[in-house]
Amino acid sequence: MKPSIYGLTREEVIKWALDNGEKKFRAKQIWDWLYRKRIQQFDEMTNVSKVTIDKLKEQFCLNPLTQKIVQESSDGTVKYLFELPDGMLIETVLMRQHYGLSVCVTTQVGCNIGCTFCASGLIKKQRDLTSGEITAQIMLVQKYFDDRNLGERVSHVVVMGIGEPFDNYKNVLSFLKTINDDNGLAIGARHITVSTSGLAHKIKEFANEGIQVNLAVSLHAPNNDLRTSIMKINRAFPLEKLFDAIHYYIQTTNRRVTFEYIMLNEVNDSVKEATELSQLLKDIKKLSYVNLIPYNPVSEHDQYSRSPKNRVSAFYDVLKKHGINCVVRQEHGTDIDAACGQLRSKTMKKEMAV
């Protein structure tokens, strides 16, 4: 399968043009057609010569994804199941927020992190997505609105779908540069958030990139014993290593870190854990933000259930009492397959049963 041209940054499109005997302005035209006019076929480039178009068609495909299923929620959330050229499946989610349209993208087929509560890890990692396959998710979601002439555009991106983004570091970084480019989609760096389960060495590397993209860390527990029991990644990167990297990130970038904390009933949601979390963050609380996440039940992980509102409220109150910035995340798509990876897993089961 030819690689997607969406996998090239603008600098790489310029290099391609020069390497193929084209002028630099031709790269600008191609980039404009891809991300401003958002064409669906190379032949739509009306001010580009047929010779150049033939070169593009010979070396690249445009969009490598096929839309397989679309689920629309009553709250405006849209969940897409896309098929990759090799037949593998991924999920992408569009969420309507008060501040704009936010898209959650997937970075890997399956996941090896092995969080015991998560639907994404039900199927082990089979491969990384290319940067073109990640970018194509944004382009297809934007097409959804372009086709309806709604005049809306994707304004925010969260890299929190299936997979561990920092385990696919190079392709994710290329994707970030492409969607952030002022001459293309122009999604502001501060409107982009990358989430990691805690690959400490990659957090430090990310700190040195000099980009203004937001960082979120999937924490989910305030001590090593509990975190290891629900997130096997903690064996490789226990809290001491993780917070050494987080402190480095904050000192290097002076940027806030968001901590994702999924609320599991009578597992990690007591006042005791809230107090421990407050102590864990006390030295960086001015640049910390805790996102308390209601749990979306997954049938394969029936040992977990959603924390009741009174336990969430008590947990929240302890954090606020200790001066920790926190919020209970607004839910999206609860009337469809809400948990990340759930739609993909359900679809694969159906296909295997046929």
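A residue is called buried when its relative accessible area is under 20%, exposed when it is over 50%, and partly exposed in between (1.4 Å probe, protein chains only). By this rule S155, at 13% relative accessibility, counts as buried. The model examined here is predicted, so local features need pLDDT of at least 70 and side-chain atom pairs count only at pLDDT 80 or more, while totals for chains, interfaces and linings use all residues. Residues are numbered from 1 along each chain as its sequence is written, and side-chain values use heavy atoms, with hydrogens and water left out.

S155 sits in strand β7, which covers residues 154–159. Helices (H or I, at least four residues) and strands (E, at least two) are DSSP runs, numbered from the N terminus. The side chain of S155 makes a polar contact of 2.8 Å with the side chain of H156. Such a contact is a pair of N or O atoms within 3.5 Å; within protein, one must be able to donate a hydrogen and the other to accept it, and residues adjacent in sequence count only if both atoms are side-chain atoms. Leaving out residues up to four places away in sequence, S155 touches Y99, G100, L101, I187 and H191, where contact means heavy atoms within 4.5 Å.

T9 lies in the segment before α1 (10–19) and counts as buried at 8% relative accessibility. Neighbours within four places in sequence aside, T9 is in contact with W31, S174, K177 and T178. I90 belongs to strand β3 (residues 89–97) and is buried at 0% relative accessibility.

Turning to the helices, α4 (residues 131–146) has 16 residues and reaches 22 Å from its first C-alpha to its last, close to the 22 Å expected at 1.5 Å a residue. The expected span is 1.5 Å times one less than the number of residues in the helix. Of the 16 residues of α4, 14 are buried, so this helix is largely enclosed by the rest of the structure. Helix α5 (residues 169–180) has twelve residues and should span 16 Å, which agrees with the 16 Å between its end C-alpha atoms. Its buried residues are Y169, V172, L173, S174, F175, L176, T178 and I179, and they pack against α2 (24–35), α4, β7, β8 (192–196) and α6.

How do α6 and α9 meet, and at roughly what angle do their axes cross? The axes of α6 (residues 200–207) and α9 (residues 239–253) come within 8 Å and cross at roughly 5°. Axes are lines fitted to C-alpha atoms, for helices over the stretch in contact, and angles run from 0 to 180 degrees between N-to-C directions. The two helices are therefore roughly parallel to each other; angles under 35 degrees count as roughly parallel, over 145 as roughly antiparallel, 65 to 115 as roughly perpendicular and the rest as oblique. Residues making the contact include I203 and F206 of α6 and L242 and Y249 of α9.

Finally, two residues stand out by their backbone. Most residues other than glycine have a negative phi. H220, although not a glycine, has a positive phi of about 70°; H220 is buried, with a relative accessible area of 6%. N254 has a positive phi of about 55° and is exposed, at 59%.
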